Every structure is written in structure tokens, then in C-alpha cells.
Amino acid sequence: MNAIITHFNNHQPGDYKVHKPYILAEAGVNHEGSMDLAKRLINEAADGGAQGIKFQTYKAETIASKDSPAYWDMTKETTESQYQLFKKYDKFWKKEFEELKIYCDSAGIDFLSTPFDYESATFLNDLMGVFKISSSDITNRPFIEHIAGFGKPIILSTGASHIWEIQEALTWIEPFNLSVMLLHCILNYPTDDQNANLGMIIDLKRRFPDNLIGYSDHTLPKDMKTMELAVLLGAGLVEKHFTYDKDLPGNDHYHAMDKNDLKKFWKNWQRTKELLGMFTKS
């Protein structure tokens, strides 16, 4: 049984005790189409202490129109359209992800990848115990129901959504009787500290007492306090973009964490755990 399934099984909605978090390194497409770099990301995520690593599975033609405008910092990424950017990195498909799954198993880290279409969701079902659904698909009822049909726990990002949209998405999953984790998420890349709104984690716990709550972090790594605070506020899982070199050009590397940032988080967490001590007073 992999670590993320154990995490789902061992944590109950509404539990306000602070547990050791599950850290999901969001490699996305930072492999840039290279299998060697993808395996390096796996090795470094495992070395840093992540329990899981997640990629993204898509074809540019299925998720963006040819004239889709850029939504990123053009000083960091000069590609002018979403289609052109996605096309750069959509080189991996079924065979490659099967190889990465085997490699993750050998490295002792969970393999996940977010599907963005029906075909990828179907072949990824053979490789994963849990599905991650992107914020971009939270209103996509047919796709959510397709994924729910596989009968596996779901991690659902809630970036840019209203409460009623989260509630509606959950009603589509409810007939399948699945565990669902909701991730607080701000869709700015990077997210300024004053926009992180970590307090919304508490609101999600209050509004959705039957669901586990996590956090998808897009703030700059800095001292890694954002992740630590998210856990203290109730996020049982934290997902954060991951790279092997933050100085590389492009849309994602500069605001991602690396293995040294991750080690810093765990060092901070050990100190925090000592300070928390016991949760009951006799």
C-alpha cells in the first residue's frame, strides 16, 4: 500500500490534531521532455523527503486553443501563448509514464500525474491509487464523473472557484462514495504572500467537515514557512511545485522548491513538532 493511500486511510475529516503532513512534489512538466531529467526529479524529491511526486499528463491540442493568451510573467517565460508553451512539454504519454511509475517504485516514492483528458485518465488509472483533479477542471462535470468512475480517492484543487462550485463538484462525486480531499489553492504563479490567504484552510475545514483538507502552494519558497503554517492550520497534504534548479529559465522553475528547500521544511517541522508536544491536558 503506497503512502498516499495510507494517508487517506489514517486521517479522518474533522480531526483538528496536527499530523505529519504528506508532501507532494509537483514536478509537472519540469522534466521538459527528458526522461533523464524526470528521473532526476524523482530522485531529488525522494532525497528531500517528499512522500509523493506528481507529473502532468496532457496534449496541447486538447487543453488550449492555438491563440490562447499567456497568463504568466513574460519576463520569466517569453512564450506568447498557452498552446505554444504546452506544446513544448507534452512529450510523455502512456509508455513514458509507465516507466516513471516503475522508477518511482524503485525510489520509494509515490507516483501521481494529473490527467487533463479522458485517454490519459484511463491509462493513468493502472498506475495510481489516487487521482488529482486540477482546479481548471473543477466545473467539468463529465470529466470529474469519468475519473470518479474509477472508484479511487480524489484530490480536488479549488483554485479560482466559489464555494458553490466546490459544493457542486462534490455532488457529482458523491454517488461514487469516494474519499475526497479539497486543496486550498491560489492560482497566481507565483502567489504573493499577502494573497496566500492560508486562513481559508480553516474555512474549508468548517464548511466541508466530511472532507480532508490540503493545500497547493504557489508562493516563493523563501524560508518554507508557508507550508509549515498551512499544516498548522489543518492541511494534511501540501503540494508544491518542484524543480532540480530554481535558476533555470521558464515559467515554473523560479517559483518552485528544490530538494534543499524541502529538507529545510522538514528541519523546521521537527522543531515545530517538538513545540507542539501533546494535544491533551490531563
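Let's start with helices H2, residues 35-48, and H5, residues 94-107: their axes come within 10 Å and cross at roughly 30 degrees. Because angles under 35 degrees count as roughly parallel, H2 is roughly parallel to H5. The axes here are lines fitted to C-alpha atoms over the stretch in contact, with angles running from 0 to 180 degrees between N-to-C directions. Helices are DSSP runs of H or I with at least four residues, strands are E runs of at least two, and both are numbered from the N terminus.

A word on the source: this is a predicted model, where local features need pLDDT of at least 70, side-chain atom pairs count only at pLDDT 80 or more, and totals for chains, interfaces and linings use all residues. Residues are numbered from 1 along each chain as its sequence is written, and side-chain values use heavy atoms, leaving out hydrogens and water.

Back to our pair. Which residues of H2 and H5 make the contact? On H2, they are Met35, Ala38, Lys39, Ile42, Asn43 and Ala46, and on H5, Glu96, Glu99, Leu100, Tyr103, Cys104 and Ala107; contact means heavy atoms within 4.5 Å.

Now let's zoom out. The protein has 11 helices and 8 strands. Its C-alpha trace spans about 60 × 45 × 40 Å along the principal axes. How many of the 282 residues are buried? The buried share is 53%, with buried meaning under 20% relative accessible area (1.4 Å probe, protein chains only). Finally, among contacts with a separation of 6 or more, 68% join residues 24 or more positions apart.

Terms used. Parallel < 35°, antiparallel > 145°, perpendicular 65-115°, else oblique. Buried < 20%, exposed > 50% of the residue type's maximum accessible area, 1.4 Å probe, protein only.
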